[in-house]
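I'd like to walk you through a structure, one region at a time, so please have a look at it on the screen.

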Amino acid sequence: AALPETPPTIGRGLGPAQAPGTAPPGNLARSPTPPRLAGTAQAANRRKELVGQDIRIAHQVYVGVPKEFSALVRKISIDKLEDEGKKINKQASPLAIVHEHDGPGIHNRVIKELLKPGEDYESSVGDDSFILDAREVADLCDQTFDHIQKEPMMLRLRAPIKVYGDIHGQFPDLMRLFKAFKAPHDLNEDGDIDTLDYLFLGDYVDRGAYSLETMCLLFALKCRYPAQIHLIRGNHEDRTINQIYGFRDECRRRLGEDPDHHASCWSKFNKCFEWMSVGAIIEHRILCIHGGIGGAIHTLDDIGSMQRPLVVAQVPSTDQEQKVTDLLWSDPTDNDSIEGVTVNETRDPDGSGRIVKFGPDRVHEFLKSNDLSMIIRAHECVMDGFERFAGGKLITLFSATDYCGHHKNAGALLFIRRDLTVVPKIIYPTERSHAVWDSAITQARPPTPPRPLPRARREDFPS
């Protein structure tokens with residue numbers, strides 16, 4: 001039976017051992033820890049500020065430009081992105097952060113050894129070694145489980161916040177994004193966790209060569225900053241899927257374990273996945289999920305009431321199982337002119353009707369009936385790293401570049417400012433010194449094609 005749900009996570013809240021108004025432990029004191037927003041006069045005032053306020057997408061996109069061993073950032077017009085717009089009809093004060101178990105610990109060691117955005121991680125590995133042994137990885141999973149089992153299925157978060165899409169084991173791309181646009185830590189001036197939250201939309205593992213690095217770093221960050229780091233589940237956070245798309249074999253190969261043992265690291269990772277939240281709402285206005293709303297999801301309660309541990313049915317046979325499939329697997333239709341709920345031929349080649357596409361009319365109806373303004377989802381590769389749909393009311397976000405070594409797509413994150421302006425920040429593919437995608441998996445199971453069909457792209461954008 002699922003554990004009782006706790007009140008919604010707001011982010012930058014109080015840790016379990018910290019009283020209101022006290023400073024974090026050790027030398028990490030910043031300013032008095034603010035109370036949670038839920039149920040306070042501050043929360044009510046904040047909601048009043050945002051009533052009737054439209055969600056805006058910034059007119060400019062920030063582009064991370066690698067140069068030698070540093071990273072530059074420049075701005076370009078959003079209209080100069082060739083692929084992103086072709087299917088659509090045309091700051092806060094610093095807050096105290098919450099540290100969990102500051103000091104020696106597996107999670108702090110992982111952060112120290114892996115969170116190095118300025119270094120070339122690809123060339124430093126070269127073999128199947130990993131920084132932790134199987135026992136240490138298992139301990140990290142157990143620590144993370146203690147945090148995520150207490151969180152509700154639908155997180156309640158606030159801006160400012162950074163949102164990331166699919167990573168798929170592309171740890172070097174995650175480091176590049178952290179290098180170009182700051183990272184989730186408070187160790188030096190390159191971190192920004194003390195002023196905003198981070199939300200990751202799932203599909204952390206599979207296909208890429210560094211699923212263990214990606215997953216362990218995100219789990220370590222969750223343990224260190226439990227109220228600032230938020231993880232929701234994707235369709236690859238499912239043992240039936242990640243046993244055939246690479247993650248199971250990576251655990252076997254790099255940790256020297258039997259994945260089928262009930263206490264294996266692979267089993268513990270999947271136990272965490274089955275208890276992960278499946279959605280988040282930012283400032284009562286923006287719904288963040290992995291896949292989509294399909295044809296079966298009509299209310300926020302359809303998502304928030306899903307029971308844990310959540311095991312995904314491979315062939316949904318009940319209304320509830322279909323809702324889970326829609327949430328994790330459905331996609332928007334190919335463009336704004338295709339309405340309704342249609343067959344998803346790419347993901348459902350047999351035409352069973354269980355995996356679907358949903359049109360812009362579904363998006364508008366869902367937003368109106370649930371008093372929301374926007375949906376941000378991941379799940380599909382898009383050429384510019386992000387893509388608008390339904391007149392800009394839905395954004396697809398993908399953070400890994402050059403998906404499976406075939407598509408030359410950009411990767412992106414979305415920075416949501418306190419005034420709810422959505423600012424895309426993107427990086428482009430770079431030359432790789434090592435194989436970063438599992439070629440055997442790619443050959444055996446070709447990736448889903450990018451959302452916009454590939455076409456000629458300019459090599460560069462004018463400043």
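I'll talk about the core, then the aromatic rings, the cysteines, a few helices and the strands.

One thing before we start: what you see is a predicted model.

Let's begin on the inside. How many residues does the largest nonpolar core have? It has 66, and the residues with the most contacts inside it are F178, F200, L217, F219 and F269. Helix α6, residues 211-224, gives the largest share of this core, 9 residues. A second, separate core has 33 residues, including L81, I161, I286 and V422.

Leaving out residues up to four places away in sequence, L217 touches V110, I111, L114, L115, F171, M175 and F178. F178 turns up in another group as well: ring pairs link F178 with Y164, Y198 and F200 into a cluster.

One of the pairs is F219 with F269, which is tilted, with 5.7 Å centre to centre and 35° between the planes. What does this pair tie together? F219 lies in helix α6 and F269 in helix α9, so the pair connects parts that are 50 residues apart in sequence. F219 is buried, with a relative accessible area of 0%, and F269 counts as buried at 0% too. For an edge-to-face pair, look at F398 and Y403: their centres are 5.2 Å apart, and there are 70° between the planes. Both F398 and Y403 are buried.

Now the cysteines. How many disulfides does the structure hold? The number is 0. Take C141: its closest cysteine sulfur is in C272, 5.0 Å away, which is too far for a bond. C141 is buried, with a relative accessible area of 1%. C216 is in no disulfide either, and its nearest cysteine sulfur, that of C141, is 6.5 Å away. C216 counts as buried because its relative accessibility is 0%.

Is E274 buried or exposed? E274 counts as buried, at 14% relative accessibility. Its side chain makes a polar contact with the side chain of R239, at 3.3 Å. Setting aside neighbours within four places in sequence, E274 is in contact with R233, R239, R308, P309, L310 and V311.

Among the buried ones are Q322, K323, T325 and W329. What do the buried residues of α11 pack against? They pack against α7 (239-242), α10 (300-304), β10 and β12.

Those two strands take us to a sheet. It is an open sheet of 3 strands in the order β10-β12-β11, and the pairing is mixed. β11 and β12 (residues 356-358) run antiparallel and are joined by 3 bridges. In one of these pairings, V343 has V356 in β12 as its bridge partner.

Between β11 and β12 there is a loop, and I355 lies in it. I355 is buried, with a relative accessible area of 14%. Not counting residues up to four places away in sequence, I355 touches T325, W329, V343, N344, R347 and D348. I355 and V315 are 40 residues apart in sequence, and their C-alpha atoms are 9.9 Å apart in space.

My last stop is a hairpin, made by β14 and β15 with 4 residues between them. In the turn, A390 has a positive phi of about 55°. The two strands, β14 (residues 386-389) and β15 (residues 394-397), run antiparallel, joined by 4 bridges, and R388 stands opposite I395. Which way do the residues of β14 point? F386 and R388 point one way, E387 and F389 point the other way, and all of them are buried.

That's my tour, so over to you for questions!

Definitions and conventions: Residues numbered from 1 in each chain as written. Predicted model: local features only at pLDDT ≥ 70, side-chain atom pairs only at ≥ 80, totals over all residues. Heavy atoms only, no water. Core = buried A, V, L, I, M, F, W, Y, C linked by side-chain atoms within 4.5 Å. Buried < 20%, exposed > 50% of the residue type's maximum accessible area, 1.4 Å probe, protein only. Contact = heavy atoms within 4.5 Å. Polar contact = N/O pair within 3.5 Å; in protein donor to acceptor, adjacent residues only side chain to side chain. Pairing = 2+ DSSP bridges. Disulfide = S-S within 2.5 Å. Phe/Tyr/Trp six-rings, centres within 6.5 Å; stacked < 30°, edge-to-face > 60°.
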